[in-house]
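This report is for a reader meeting the structure for the first time. It goes through selected places in the model, one topic to a heading.

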8 protein chains.
Amino acid sequence: MVSGVEESLTALLQQLRGTGFTDLGFARVDTDREARQGAPEAIMAEGKTPEEIEAIARVLLDEGAGSVLVTRADADARAALRRAAPEAEEHERARLAWVARSVPESRGLVTIVSGGTGDGPVVHEARVRAQLLGTEVVVHEDAGVAGLHRLAPAVEDLRRADCVIVVAGWDAALASVVGGLVAAPVIGVPASTGYGAAFGGVSALLSMLTSCAAGVAVVNIDDGFGAGTIAARIARAAAS
Amino acid sequence: MVSGVEESLTALLQQLRGTGFTDLGFARVDTDREARQGAPEAIMAEGKTPEEIEAIARVLLDEGAGSVLVTRADADARAALRRAAPEAEEHERARLAWVARSVPESRGLVTIVSGGTGDGPVVHEARVRAQLLGTEVVVHEDAGVAGLHRLAPAVEDLRRADCVIVVAGWDAALASVVGGLVAAPVIGVPASTGYGAAFGGVSALLSMLTSCAAGVAVVNIDDGFGAGTIAARIARAAAS
Amino acid sequence: MVSGVEESLTALLQQLRGTGFTDLGFARVDTDREARQGAPEAIMAEGKTPEEIEAIARVLLDEGAGSVLVTRADADARAALRRAAPEAEEHERARLAWVARSVPESRGLVTIVSGGTGDGPVVHEARVRAQLLGTEVVVHEDAGVAGLHRLAPAVEDLRRADCVIVVAGWDAALASVVGGLVAAPVIGVPASTGYGAAFGGVSALLSMLTSCAAGVAVVNIDDGFGAGTIAARIARAAAS
Amino acid sequence: MVSGVEESLTALLQQLRGTGFTDLGFARVDTDREARQGAPEAIMAEGKTPEEIEAIARVLLDEGAGSVLVTRADADARAALRRAAPEAEEHERARLAWVARSVPESRGLVTIVSGGTGDGPVVHEARVRAQLLGTEVVVHEDAGVAGLHRLAPAVEDLRRADCVIVVAGWDAALASVVGGLVAAPVIGVPASTGYGAAFGGVSALLSMLTSCAAGVAVVNIDDGFGAGTIAARIARAAAS
Amino acid sequence: MVSGVEESLTALLQQLRGTGFTDLGFARVDTDREARQGAPEAIMAEGKTPEEIEAIARVLLDEGAGSVLVTRADADARAALRRAAPEAEEHERARLAWVARSVPESRGLVTIVSGGTGDGPVVHEARVRAQLLGTEVVVHEDAGVAGLHRLAPAVEDLRRADCVIVVAGWDAALASVVGGLVAAPVIGVPASTGYGAAFGGVSALLSMLTSCAAGVAVVNIDDGFGAGTIAARIARAAAS
Amino acid sequence: MVSGVEESLTALLQQLRGTGFTDLGFARVDTDREARQGAPEAIMAEGKTPEEIEAIARVLLDEGAGSVLVTRADADARAALRRAAPEAEEHERARLAWVARSVPESRGLVTIVSGGTGDGPVVHEARVRAQLLGTEVVVHEDAGVAGLHRLAPAVEDLRRADCVIVVAGWDAALASVVGGLVAAPVIGVPASTGYGAAFGGVSALLSMLTSCAAGVAVVNIDDGFGAGTIAARIARAAAS
Amino acid sequence: MVSGVEESLTALLQQLRGTGFTDLGFARVDTDREARQGAPEAIMAEGKTPEEIEAIARVLLDEGAGSVLVTRADADARAALRRAAPEAEEHERARLAWVARSVPESRGLVTIVSGGTGDGPVVHEARVRAQLLGTEVVVHEDAGVAGLHRLAPAVEDLRRADCVIVVAGWDAALASVVGGLVAAPVIGVPASTGYGAAFGGVSALLSMLTSCAAGVAVVNIDDGFGAGTIAARIARAAAS
Amino acid sequence: MVSGVEESLTALLQQLRGTGFTDLGFARVDTDREARQGAPEAIMAEGKTPEEIEAIARVLLDEGAGSVLVTRADADARAALRRAAPEAEEHERARLAWVARSVPESRGLVTIVSGGTGDGPVVHEARVRAQLLGTEVVVHEDAGVAGLHRLAPAVEDLRRADCVIVVAGWDAALASVVGGLVAAPVIGVPASTGYGAAFGGVSALLSMLTSCAAGVAVVNIDDGFGAGTIAARIARAAAS
């Protein structure tokens with residue numbers, strides 16, 4: 001018996017050989033992603049040497065990426081991006097470095113609220129990512145439910161948002177409270193803030209997954225990058 | 001010292017007394033939710049008696065809900081809805097009963113793909129919820145990555161969707177494959193299908209949360225209802 | 001070397017032989033507990049035969065217990081108490097049976113709020129226990145944060161309570177919201193309501209333990225009995 | 001920017017539309033798998049109705065599958081296969097039903113050893129699967145290390161095997177002992193036998209994964225099917 | 001349909017804008033909490049820079065906080081408080097710094113017992129917090145049940161306490177023993193002392209949650225702060 | 001290179017072929033165990049058919065086992081033993097059946113204490129096993145630490161024991177209290193009694209493993225059989 | 001009602017005030033333990049300052065302890081003991097320091113076998129503890145089951161032992177193999193050696209708890225101290 | 001009764017005394033393993049001192065090992081091997097050092113694909129191990145499914161492989177995609193790359209264990225060594 005699927009796949013794969021990525025040996029940089037999905041590949045610095053980061057960044061920029069974002073980047077990793085693109089900006093506490101060459105025209109609004117001061121790095125990772133994808137972002141930090149009145153200044157921005165991001169550690173009760181107030185989609189980011197039974201974000205993760213407010217979806221613990229990506233997609237589509 | 005926040009809250013709460021819900025003693029039915037968030041409160045049957053379900057459904061219908069959906073409903077629970085609304089429909093395998101009195105005009109497209117036949121109940125819970133909120137839904141079942149060619153017929157519907165829902169148990173690899181192909185937001189629903197190390201959906205949940213494809217957000221295990229809710233919001237906003 | 005501690009303990013234990021309990025072979029009924037701690041021993045029915053339950057109840061009543069409470073009691077277990085005390089009352093859904101012979105004069109107020117209808121059994125276990133210990137109890141069910149306005153009718157009773165009990169499953173966000181509003185001690189009871197990542201009450205438990213509102217302490221999952229016990233102690237002391 | 005990858009994929013997928021599987025609505029039966037991977041798709045009965053099982057089996061047989069195996073099959077599921085293929089055989093305790101129409105000529109030897117009598121169902125699932133793929137199988141049950149001498153009769157068959165399968169629950173120490181004796185690849189199947197800290201096979205799973213004997217790889221808990229599949233592949237290749 | 005709840009909430013929130021907190025951008029300091037709940041907001045140092053800590057402390061003091069407590073504070077964090085309030089005191093091992101400007105007149109007695117020497121930091125966090133809230137505190141350290149006679153000197157203070165705090169790591173058996181002796185409410189603080197299966201306090205946490213002595217409620221692992229807060233509330237109310 | 005170890009092992013194993021066990025196909029009954037380890041093989045009924053149990057029992061009796069014990073045995077399993085040995089005794093609640101043909105002369109004393117009435121089945125499994133191995137056993141049930149005085153009648157038997165077994169569920173605090181009182185070795189058996197955070201015996205297991213009293217070792221959850229085995233060995237050796 | 005138990009306990013506790021321990025404020029040193037249980041209190045260094053360690057050691061020595069053992073002791077902690085007792089010995093890799101002033105005459109034999117070289121620190125903690133309690137100890141390291149012949153030189157010492165200790169990380173299969181060979185009680189110590197799914201000793205712990213060889217009891221992960229304590233008790237009693 | 005098994009075992013073990021290993025006190029080096037199993041013992045550096053590593057390496061080389069591999073080796077550990085064998089090679093990032101004296105003639109092909117750049121260390125551990133056992137190895141890194149086209153260049157090498165190794169962290173979806181394409185056995189290595197819910201490789205481990213593609217078996221997290229061992233065995237047998 002001959003597998004027809006195998007024949008077709010083989011034909012395709014031969015045709016694709018070398019298409020849409022650059023092979024650096026230690027990495028196959030997906031230079032097609034921005035065209036395919038509207039968002040360029042980003043570089044997670046952890047587990048990569050500065051030299052590898054610099055090389056990947058150069059490939060992305062040479063292939064015309066609109067922007068390059070390096071996440072979870074210590075000082076060495078951020079310097080690596082600056083070698084590839086001297087105009088690169090950075091946010092030390094959020095461990096970010098990025099360069100924006102041709103960001104899409106801004107469309108849609110993402111409102112980010114966080115539970116506490118310690119959630120700052122995740123908030124700003126989400127913010128920068130969403131901005132680089134072409135969205136307006138408003139941020140309200142430290143609005144946790146232990147003092148509900150601190151959420152008051154955020155309400156107008158929550159109401160007019162095309163997508164809301166809630167960043168919260170500990171019990172992440174903020175996700176349910178916000179989820180019960182707004183009609184826009186809510187993306188929850190469990191943060192690893194908290195000690196003891198917070199278990200590095202597990203408590204917040206479970207809390208958000210079981211939120212009694214429908215309309216909340218969740219990304220990985222501390223994954224500001226992922227939240228910024230999906231929120232920007234939602235907001236840009238809603239505003240077009 | 002006098003707490004100004006307390007005074008304001010107290011004033012508000014006195015004003016709200018009895019507003020926006022009907023108190024049945026065992027339940028406070030949120031009759032304001034549809035106006036506030038665009039989606040009526042639903043009834044999760046587990047943990048409620050048929051009498052309670054019937055009473056809540058009657059309140060919602062009397063207060064003008066556009067639709068009433070009962071989830072996780074066994075035969076008795078589904079009969080309870082039919083007593084409140086004889087025209088109610090049901091889906092036995094997905095344990096659903098619902099009545100649609102004034103569903104919003106359909107807007108936007110949600111495409112649902114699932115990994116295997118056993119994910120059917122979750123697929124249909126998501127489908128009915130999204131349809132009741134006023135969205136078109138297309139379903140492709142059993143398209144798991146063990147045979148990637150089975151995903152082929154879904155590609156066109158994935159490309160034109162305003163929001164994609166992926167339902168998958170086991171290793172839920174389908175979420176990453178789909179997430180790497182499309183530009184629309186992807187909502188993952190980990191399913192409790194699978195045995196052994198599938199751990200009742202935990203393996204699928206972790207897999208989706210750590211998907212290497214950005215742009216994926218996740219709801220609770222088997223929570224077709226939650227996925228349908230957020231997907232409909234996203235799709236309707238994108239298509240307006 | 002001779003152990004002085006051992007000698008003293010031995011003396012004491014010899015003196016205690018048979019004091020303060022009745023030995024039924026399969027059980028040593030602590031008939032001293034009410035005198036020692038102000039609350040009589042209760043009977044958890046699970047893992048005991050109806051005959052054992054009846055025998056323990058008879059001992060407690062014969063020894064002058066003010067009340068006897070049987071928890072987690074199916075129909076057979078409840079019948080067993082009625083055989084020992086024909087005037088016994090029961091609550092089927094909360095799986096309780098009890099007989100009150102000389103409840104202390106009521107002192108203090110305990111307010112119980114719950115997140116959803118499904119938390120009812122736990123709510124009523126806490127209520128009955130606190131009442132039997134001599135406390136006034138007010139109950140507000142189904143006041144979860146997905147619709148904050150449903151909490152409004154409870155606010156006055158929360159403010160005037162000597163102790164508050166919050167019963168909630170799923171993400172248990174209600175504990176933090178209530179904990180941020182009141183000045184009285186708050187006892188959280190995580191409920192096993194919810195599916196998927198609710199993990200039988202674990203999500204609610206972690207949530208309550210990491211509540212961002214200080215002033216919240218937590219008992220075991222579904223442990224209405226324990227919450228009623230400590231709340232009654234707090235409320236009675238505060239009101240004396 | 002146009003995505004070249006997307007264009008190629010789209011072309012392929014259009015070409016594949018309907019190729020290599022039969023669409024039953026609730027299932028897309030991978031009729032190409034045997035040609036592509038040498039092993040036909042099997043049917044896991046759990047989560048499928050008898051009608052669905054029968055329909056899938058008919059498609060596989062109509063499309064010329066060499067054999068059809070239904071796993072985790074209760075009496076109804078096994079009857080469903082007999083309706084599609086009256087000559088079907090079955091193994092009640094292992095919850096299997098199968099029909100063999102053109103099994104490949106037998107090549108290679110797989111030796112299966114198990115720790116205890118309770119592992120029988122998993123042993124036989126592995127055995128039948130490997131036999132249907134065209135391998136000779138020898139079985140030694142109840143050879144656990146609490147009495148090492150019970151392993152003696154298996155040694156000759158372990159030594160001459162092209163691949164060894166070890167099925168064991170509890171602490172699964174058998175995997176390390178066997179792994180330290182033989183030169184052939186060892187596939188471990190953690191079994192869910194055991195109570196308490198056996199945690200439904202988790203103890204055995206961790207034990208096998210951390211086996212101090214190199215040369216052991218592990219499949220899912222109770223996954224005799226997966227073990228039989230990979231063992232047959234290994235054994236047939238080694239013997240060719 | 002118009003949402004009445006939404007209108008009321010919007011009105012309230014507009015009214016609250018800027019009420020009851022000071023917005024520092026990275027933090028919204030809840031200056032209303034002391035009036036609302038009788039206990040001022042505290043500052044958890046982890047995840048905050050010294051500059052942020054200093055700024056928050058200044059706001060609290062400027063707004064008239066009776067005391068400011070910084071927990072989980074390393075040397076830099078403690079120095080930050082001293083910059084804001086030179087009279088600040090500190091406890092190095094408990095990683096605390098605090099300033100007391102107008103502590104309420106002391107009322108009620110909290111007795112703290114701990115299982116071992118290593119629980120000291122948690123003991124003192126609870127002690128200082130309760131004292132700052134206006135309660136007398138007595139401490140008995142290293143009274144674990146492996147030598148029950150070491151509990152003897154604490155018994156009188158346990159009996160006369162309005163609330164008891166038990167701090168214990170490892171198996172936390174002390175909570176049950178104390179819980180079986182006293183009639184006052186018992187707050188358990190699981191400590192992260194212990195290795196191996198102590199799992200950073202999880203063993204102690206589960207132990208306290210399942211204490212066979214009714215009348216015990218539990219706070220987060222190592223959460224001396226939370227225990228001090230609720231114990232002070234209980235004790236002050238009981239003694240008034 | 002030739003493996004000398006392999007040659008020696010092969011020689012041994014050939015010599016052992018069929019020695020010391022009887023091969024029933026589904027089971028290799030270790031008829032040598034009593035001679036080798038002083039305790040005959042027992043039969044865990046779960047996962048075995050009544051026919052298998054009967055056959056194994058017959059082999060053991062035919063080969064001269066001093067006693068045969070069937071654990072975790074439902075009514076059918078117990079009947080199976082009676083078919084093999086009509087004089088068999090049984091304990092329904094502990095799910096035991098056994099026949100004693102030549103129990104060793106009793107030597108040494110094992111004292112068993114349990115935390116609560118629900119631990120009875122585990123207590124009696126340990127008792128019967130230890131008695132069949134030739135030890136005197138004294139039992140004190142329901143002596144949990146919530147009422148320490150209930151332990152008083154057990155103290156004399158604890159002091160004169162050669163080995164102590166503590167059976168306890170929930171927080172298993174009894175293990176530490178007893179472990180701090182006696183000089184004999186203590187074997188802890190965590191019981192699956194308890195609900196919520198008792199997690200089927202996990203809380204008790206962790207508690208016993210981290211007991212602050214040295215001199216305690218632990219067996220599997222509910223494993224009265226294992227505790228009886230090792231306790232009898234210890235007690236008999238101590239008393240010889 | 002007056003509690004008789006309370007009166008008796010109060011009397012005892014008053015009588016015990018200050019008996020049997022020395023109160024250092026941060027510690028209550030149990031100077032009665034050696035008389036009561038035959039083994040002096042030891043000092044776990046983690047969580048204690050060198051000054052505290054020195055002070056506790058001085059109390060124990062002043063009160064006539066036969067030996068003092070400091071476990072989990074870094075260089076500073078070991079130096080602290082030397083200040084209290086200049087003749088103190090130490091074992092750097094096992095992080096031990098000890099001083100032996102009057103060790104009981106040696107009685108009984110404990111044989112320790114370990115799975116690998118990395119288990120050395122735990123092996124030697126068990127060895128020193130057992131020797132200080134007055135037992136002969138023989139050690140066989142690196143005898144894991146991946147090469148069963150390496151166990152051969154240990155067999156004679158295993159057979160003649162009064163108690164066997166097995167120290168093993170990874171899958172700890174050695175415990176079952178040894179447990180199936182010997183008639184003496186076996187104490188398993190799961191070691192934290194191993195990576196990945198070894199989970200810091202959890203895999204070894206579960207493995208030992210579910211050992212298919214009866215007659216094995218288990219202590220905490222890495223708890224050489226606990227194993228040495230109970231093994232010495234068993235061996236000394238058996239040899240007397 | 002005399003145990004025949006015991007007598008035989010004792011005879012064997014006496015005969016084996018000192019056979020097949022060299023006893024260094026802290027280690028019993030299995031010098032027989034290469035003859036017995038075709039693969040020499042390797043040295044895991046973690047938990048061993050450089051001196052121990054050097055001594056073990058010298059024994060292996062003196063006894064004629066074809067190669068010596070040191071894994072998880074920091075700079076000191078790698079230097080230790082160079083002292084024993086100056087011609088030793090090393091791979092810093094993969095923490096490897098090795099010396100190859102007589103590697104078997106190469107036979108069979110192992111193809112390794114990895115999900116991302118960060119998996120490099122595990123990839124190279126597997127590669128070196130397989131090469132030292134006498135297999136050809138081809139490597140394709142960073143071919144994760146988020147951009148499926150990056151897998152295209154690997155397809156030919158996947159198809160012609162005798163065994164495939166997939167190294168992947170995060171959700172490890174690559175294992176299922178590859179497993180669905182090839183007919184050769186697939187060995188999955190879950191990598192500890194990833195943060196948050198990746199839980200140090202647990203997510204990848206569960207994902208691979210529940211892979212919907214049959215024919216995949218899994219080794220421990222990050223265990224390139226184990227994967228290289230079994231893959232080389234499979235590939236060499238298939239190619240002979």
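## A salt bridge within a helix

C:Asp157 and C:Arg160 form a salt bridge, with their closest N and O atoms 3.0 Å apart. A salt bridge here is a side-chain nitrogen of Lys or Arg within 4 Å of a carboxyl oxygen of Asp or Glu. About one helical turn separates C:Asp157 from C:Arg160, because they are three residues apart in helix α6 (residues 155-160) of chain C. Helices (H or I, at least four residues) and strands (E, at least two) are DSSP runs, numbered from the N terminus. C:Asp157 counts as buried at 12% relative accessibility, and C:Arg160 as partly exposed at 43%. Buried means under 20% relative accessible area, exposed means over 50%, and partly exposed lies in between (1.4 Å probe, protein chains only).

This is a predicted model, in which local features need pLDDT of at least 70 and side-chain atom pairs count only at pLDDT 80 or more, while totals for chains, interfaces and linings use all residues. Residues are numbered from 1 along each chain as its sequence is written, chains are lettered from A and ligands numbered from 1 in the order in which they are written, and side-chain values use heavy atoms, with hydrogens and water left out.

## Other salt bridges

In chain B, the side chains of B:Asp157 and B:Arg160 meet in a salt bridge of 3.0 Å, N to O. Both residues lie in helix α6 (residues 155-160) of chain B, three residues apart. B:Asp157 is buried, with a relative accessible area of 13%, and B:Arg160 is partly exposed, at 42%.

In chain A, a salt bridge of 3.6 Å (N to O) joins the side chains of A:Arg150 and A:Asp142. A:Arg150 is buried, with a relative accessible area of 3%, and A:Asp142 is buried too, at 8%. Over all chains, a search of the whole structure finds 117 salt bridges. In general, side chains of opposite charge can pair when their charged atoms come close.

## The interface of chains A and B

How many residues does each chain bring to the contact between chain B and chain A? The contact takes 31 residues from chain B and 31 residues from chain A, contact meaning heavy atoms within 4.5 Å. The area buried between them is about 2,600 Å², of which carbon and sulfur atoms give 61%. Buried area is the accessible area (1.4 Å probe) that two parts lose on being put together, summed over both.

Across this interface the rule finds zero salt bridges and nine residue pairs in polar contact, both residues being at pLDDT 80 or more. On the side of chain B that touches chain A, at least two residues each come from α2 (33-37), β10 (186-190), α8 (202-209), β11 (216-218) and α9 (224-239) of chain B. The largest share, seven residues, is supplied by α9(B). A polar contact is a pair of N or O atoms within 3.5 Å; within protein, one must be able to donate a hydrogen and the other to accept it, and residues adjacent in sequence count only if both atoms are side-chain atoms.

## A serine in chain H

H:Ser176 lies in helix α7 (residues 173-179) of chain H. H:Ser176 is buried, with a relative accessible area of 0%. Its side chain is joined to that of H:Ser211 by a polar contact of 2.7 Å. Not counting residues up to four places away in sequence, H:Ser176 touches B:Val145, B:Asp171, B:Ala173, H:Ser211, H:Cys212 and H:Ala213.

## Strands in chains B and E

In chain B, four strands form an open sheet in the order β3-β4-β6-β5, with mixed pairing. Two strands pair if DSSP finds at least two bridges between them. The edge strands are β3 (43-44) and β5 (89-91) of chain B, and each pairs on one side only. Strands β4 (residues 67-71) and β6 (residues 96-100) of chain B pair in the antiparallel sense over four bridges. The bridge partner of B:Val70 in β6(B) is B:Ala97.

In chain E, six of the six residues of strand β7 (residues 109-114) are buried. E:Leu109, E:Thr111 and E:Val113 point one way from β7(E), and E:Val110, E:Ile112 and E:Ser114 the other way. Five bridges join β7(E) to strand β8 (residues 136-140) of chain E, and the two run parallel. E:Ile112 stands opposite E:Val139 in β8(E).
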